[in-house]
Amino acid sequence: MNKLVDPPRVVDSEDERTGLNKESLKRAFLDNLFYVQGKFPALATQRDCYLALAYAVRDRLLQRWVSTAAAYTEQRSRTVAYFSAEFLIGPHLGNNLLNLGIYAEAQQAIAELGLDFDGLLQQEEEPGLGNGGLGRLAACFLDSMATLEIPTLGYGIRYEYGIFEQDIVDGWQVERTDKWLRYGTPWDVARPEWAVEVKFGGRTEHWTDEQGRLRVRWLPERVVVGVPYDTPILGYQNNTSNTLRLWRAEATESFDFAMFNRGDYYGAVNQKVVSENLTKVLYPNDEAVKGKELRLEQQFFFVSCSLQDMLRIMRGQRIPVDRFHEKFCVQLNDTHPSIAVAELMRLLVDEQGLAWDEAWSITHRTFGYTNHTLMPEALECWPLGLFARLLPRHLEIIHEINARFLDEARVRFLGDDERIARLSLIDESGERYVRMAHLACVGSHAINGVAELHSELLKQDVLRDFHALWPEKFGNKTNGVTPRRWIALSNPRLARLVSDEIGEGWITCLDELEQLEPLAENTGFRDEWRAVKRANKEEFAAFIGRRTGVALDPQSMFDVQVKRIHEYKRQHLNILHVIAEYIRLKSGDGYDPLPRTFIFGGKAAPGYYLAKLIIKLINAVGEVLERDRESRDRLRVVFLPNYNVSSGQRVYPAADLSEQISTAGKEASGTGNMKFSLNGALTIGTLDGANIEIREEVGADNFFLFGLNAHEVISLKAQGYRPVDCYRADPVLREVIDLIAGGFFSRGDTALFRPLIDNLMLSDPYLVLADFPLYQACQERVSEAYRDVERWTRMSILNAARCGKFSSDRTIRQYCRDIWNVEPVPIRLLCHEDVRSGFLQ
């Protein structure tokens, strides 16, 4: 595999560390292989070579990273602190090469060393620090903030084991531990000198200080140490490199020597084990009390670490604590970090000695809250007993916030006791709960949804009482995606075609894609567009063959639904349509369906049985179709296991049709829909989330719309929806349901899919059966359009050309203007002489 080359010669050390040309990269690679990995070419593994290249790239990042930190410190720059329980960053190496502008140089350097560049990229362990759209959005935002030169700190958790790795065994999802840190990572740097202590449990003690003020002291039961690990987040071809700071839990004392000497070997390390469990796993199963306890501990741990860190930064920059809200704006990425409101109050009042009213003014002006869901179960409520046991001081603070808030609300809504009960931070009905979304609303100066429909539904339903009280707080910030990773990096063929026609400005100004619109009428350009799609599909088919053993036909339509498996996302509606097509094909009436490959991917939560059963049904249908010679060349189903960012970078460029078929009013926004459209896939979808805005942008004629809208969904349920009536009225649907229930896809086992069938027939909470005939009819229109090659290509080009709105750069500019009040800070690169003179001053 490895080719012996001339040993590196001595060159200027700055060029060796920071040079961006091919020869500098080759020398840096060889030096790292020798001095960092301790290997010579004959013994080096592919992973050694990946690490040698990664460290070469990191050196070039570090110059920008240190320069950025120095500029922010010197200028005391107002900084965005982005709090998120998830950061689904994806692989670093390729993205950093792209943003440094040296992707081609690195390819050439590695090729000249006799190595497989793509093989090295595939050696990277993807950090599974997120579950789906929430974490991926946070990653896109970090990319945009660095590209727009916005001073930013991303704060989260350095989970030792991320979202599980998914295997498919006999059609079922099987979870395996995601050991993304098994070999370490070259991309983060430990900062133990900035570790902080985080308290849990115990009791509070009230006392009066020498000024006669009532004070509170928290006497914790246990203390955990939070150690920060910093990852540089590089902007696109500029000098900015912001920081993602993730916290790892450690024990205050990792080894009790006295216990060990007494023969208590378990006790000697017990504190270390218990403390480190806190950041072991992303989203522990919270069905049991212990799981709930751990999730609350995780959320408090990372926000406490982060707020203490921000106070440390202020001390270092000699900024007084009463200007906290001027130095930092904190964005809460969904409800998970909302305990930060109470923790900042504790730090300001108990630790910094501020009066309550001053501390509340600072806190309220610091936080903004982004809501990401309309699903009640995701708004997070914690049992009062659990909360009191883990965070006794914070419960006192929340009670005080609530009392003051409800006094204000009672004046505004005189005599409306029911509304006051709905607004309260404490749910008093039945078992008492702390309502974390309510805490975020009260403690933030701005509240936003993530698509126009979602924001309106928040105001009308989920947060309607807060909107009635504070309408000025509410706004919309439609999500976006970074064009760097999701087009320039993942679809290089399309990126080259677009850049050859309109230049490279679209990479940082996605609205420039509108210049492609006239080219939809250019025959030659349409030919080139189709050639790009065909090559992407061939590459993806080869990838699927290696992963699953299923041979895909790139000439067939690639009909794709890849996202978290959940009933409201309605993967089961999709597979019911596949079964209907199969029945029609087998009916003997000469039906010749458009050849389609139905591609599914996504993970079900480990405790979510119905979602796992949907995966099993998808795979069972795929197996039947694959065995049937009559169908397999025209209908094929494949499930892509362990769907993640890397898989997404392969599937989005290859898709012809994007399935965005959630029940209207349930999807907050979605970002996969944007990635598909920008890569030229057409959408079949409901009026849900950002689908509405995509349809507005691309035009109704270039979007396949079906289904009930959000108001019709509410109305149908209010009338007393009976799914069995849909079953009786539609012979196609009846035949599909009966085929599943009769055991056709379960080798005669009529019990296997019974829970799923019962769910659909008896309750159908997400109106799958109600939308089925509309979906079927819409799929007929899809097939008709795809058969007209020129028409489909025009529609594909127009989808990409008209989706410039859906850049995360646009979203971040809106946050900066409307919520954060933050300005760009251009960065001047430091050289060795700057560093040297800094020490000599």
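User: How many bridges join strand β18 and strand β19, and in which sense do the two strands pair?
Analyst: This is a predicted model. In it, β18 covers residues 557-562 and β19 covers residues 596-601. The sense is parallel, and the number of bridges is six.

User: Which strands stand at the edges of the open sheet of six strands?
Analyst: The strand order is β20-β19-β18-β21-β22-β23, and the pairing is parallel. An edge strand has a single partner, so one of its sides is left without a neighbour in the sheet. That applies to β20 (635-640) and β23 (704-705).

User: Which residue of β10 stands opposite L153?
Analyst: Strand β2 (residues 152-157) pairs with β10 in the parallel sense, over five bridges. Opposite L153, the residue in β10 is T243.

User: Which residue in the turn between β9 and β10 has a positive phi?
Analyst: Strand β9 (residues 222-234) runs antiparallel to β10, with 11 bridges joining them. L234 stands opposite S241 in β10. The two strands form a hairpin with six residues between them, and the turn residue with a phi of about 50 degrees is Q237.

User: Where is L767, and is it buried or exposed?
Analyst: Most residues other than glycine have a negative phi. L767 has a positive phi, near 55 degrees. It is found in the loop between α31 (754-762) and α32 (768-787). With a relative accessibility of 1%, L767 counts as buried.

User: Where is N821, and is it buried or exposed?
Analyst: N821 is not a glycine, yet its phi is positive, at about 55 degrees. Its place is the loop between α34 (808-820) and α35 (832-840). The relative accessibility of N821 is 56%, and exposed means over 50%. N821 therefore counts as exposed.

User: In the open sheet of three strands, which residue of β15 is the bridge partner of D427?
Analyst: The order in this sheet is β13-β15-β14, with antiparallel pairing. β13 (381-383) and β14 (426-427) are the edge strands, each pairing on one side only. Two bridges join β14 to β15 (residues 433-435). In β15, the partner of D427 is Y433.

User: What is the radius of gyration of the protein chain, and what does the globule rule give?
Analyst: The chain has 35 helices and 23 strands. For 841 residues the globule rule gives 28 Å, and the chain comes close to that, so it is as compact as a globular protein of that length. Its C-alpha trace spans about 90 × 80 × 65 Å along the principal axes. The radius of gyration is 28 Å.

User: What percentage of the residues in the protein chain is buried?
Analyst: Among contacts with a separation of 6 or more, 76% are between residues 24 or more positions apart. The chain exposes about 32700 Å², of which carbon and sulfur atoms supply 50%. Of the 841 residues, the buried share is 60%.

User: How far apart do the centres of the positive and negative side chains lie?
Analyst: The protein chain carries 100 positive and 118 negative side chains. The distance between the centres of the two sets is 2 Å.

How values were computed:
Residues numbered from 1 in each chain as written. Predicted model: local features only at pLDDT ≥ 70, side-chain atom pairs only at ≥ 80, totals over all residues. Heavy atoms only, no water. Helix = DSSP H or I, 4+ residues; strand = E, 2+ residues; numbered from the N terminus. Rg over C-alpha atoms; globule rule 2.2 N^0.38 Å. Buried < 20%, exposed > 50% of the residue type's maximum accessible area, 1.4 Å probe, protein only. Contact = heavy atoms within 4.5 Å. Areas by Shrake-Rupley, 256 points an atom, 1.4 Å probe, with all protein chains shown as cover. Lys, Arg positive; Asp, Glu negative; His and termini not counted. Charge placed at Lys NZ, Arg CZ, Asp CG, Glu CD. Pairing = 2+ DSSP bridges.
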